[in-house]
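Here is a short briefing to read with the model open beside you. It starts at a pocket and then moves on to the helices and the core.

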Amino acid sequence: MSGREITPRSTPEITPSLEELEAQERRLVFPQFSYYDAWALGSLLVDLARESQAPVAIDIHRAGQQLFHAAMPGSTPDNDAWIARKRRVVERYGAASYLVGARFRAKGTTFEESSRLDPDTYAAHGGSFPINVEGVGVIGAVTVSGLPQLEDHRFVVGALEQFLSE
């Protein structure tokens, strides 16, 4: 995240494929997800943001309740609005906001053009990932906003990979 150039959307060798994005969702499943898990995951995201000086806002919701929120230096109130819009995509589609947008792009269109949803309410941009509990399904979302969309997505996925491996 720090020191790397932003990847253009049109670079296929760097942009993850639908298969890669779907594999992330199959792999990143929680055995359970408690209030304490939300705090631990949120704290990990804050630590990672602090280490990389990422100007992000971080949010974790479960079943309609905000369990964690933090704003890092450089984030703005706009990041909170983006968090809400990206999280609504996860809640509606049960999939990562970046994956939802990628599925529309794979069909030769965009989420904004074809979803028939208000873009002021929904944003299929990277950074919100479903909290999927084994045997239960999607119960919430962990969301980051402040970096370009692919970097937001990678930031969340990296934190989830680390959290679930511990």
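The lining of the largest pocket is made up of six nonpolar, two polar and two charged residues; here Ala, Val, Leu, Ile, Met, Phe, Trp, Tyr, Cys and Pro count as nonpolar, Asp, Glu, Lys and Arg as charged, and the others, Gly among them, as polar. Please keep in mind that this is a predicted model, where local features need pLDDT of at least 70, side-chain atom pairs count only at pLDDT 80 or more, and totals for chains, interfaces and linings use all residues. Residues are numbered from 1 along each chain as its sequence is written, and side-chain values use heavy atoms, with hydrogens and water left out.

**The largest pocket**

- Ten residues line the largest pocket, and Thr15, Pro16, Ala102, Arg105 and Ala106 are those nearest its centre. A pocket is an open set of points on a 1 Å grid over the protein atoms alone, where a 1.4 Å probe fits, with protein on both sides within 12 Å along at least five of seven lines; lining residues have an atom within 4 Å of a point.
- Both α1 and α4 give two or more residues to the lining of this pocket. Helices are DSSP runs (H or I, at least four residues) and strands are too (E, at least two), numbered from the N terminus.
- The largest share of the lining, four residues, is supplied by α4.
- The volume of the largest pocket is about 170 Å³, counted as the space filled by probe spheres set on the points, with grid points joined across faces, edges and corners.

**Helix α4**

- Seven of the ten residues of α4 are buried, so the helix is mostly covered; buried means under 20% relative accessible area, exposed over 50%, and partly exposed in between (1.4 Å probe, protein chains only).
- The buried residues of α4 are Ser97, Tyr98, Leu99, Val100, Gly101, Ala102 and Phe104, and they pack against α1, α3, α5 (111-114), β3 and α6.
- Ala102 sits in α4 and is buried, with a relative accessible area of 11%. Leaving aside neighbours within four places in sequence, Ala102 is in contact (heavy atoms within 4.5 Å) with Leu18 and Leu21.
- Phe104, also in α4, is buried at a relative accessible area of 13%. Beyond neighbours within four places in sequence, Phe104 has contacts with Tyr93, Thr109, Thr110, Phe111, Ser114 and Ser115.
- Just after α4, Gly108 takes a positive phi of about 80 degrees.

**Helix α6**

- With 17 residues (149-165), α6 reaches 24 Å from its first C-alpha to its last, close to the 24 Å expected at 1.5 Å a residue; the expected span is 1.5 Å times one less than the number of residues.
- Cover for the buried residues of α6 comes from elements including α1 (18-27), α2 (35-52), α3 (77-93), α4 (97-106), β3 (128-133) and β4 (137-145).
- His153 belongs to α6 and counts as buried, at 3% relative accessibility. Not counting residues up to four places away in sequence, His153 touches Leu21, Gln24, Ala96, Tyr98, Gly126, Gly127 and Phe129.

**The nonpolar core**

- The largest nonpolar core has 44 residues, and Phe33, Leu41 and Ile58 have the most contacts inside it. Such a core is a set of buried Ala, Val, Leu, Ile, Met, Phe, Trp, Tyr and Cys residues joined through side-chain atoms within 4.5 Å.
- At least two residues of this core come from each of α2, β1 (57-62), β2 (65-71), α4, β3, β4 and α6.
- Apart from neighbours within four places in sequence, Phe33 is in contact with Ala38, Leu41, Ile60, Arg62, Leu67, Ile131, Val133 and Ile139.
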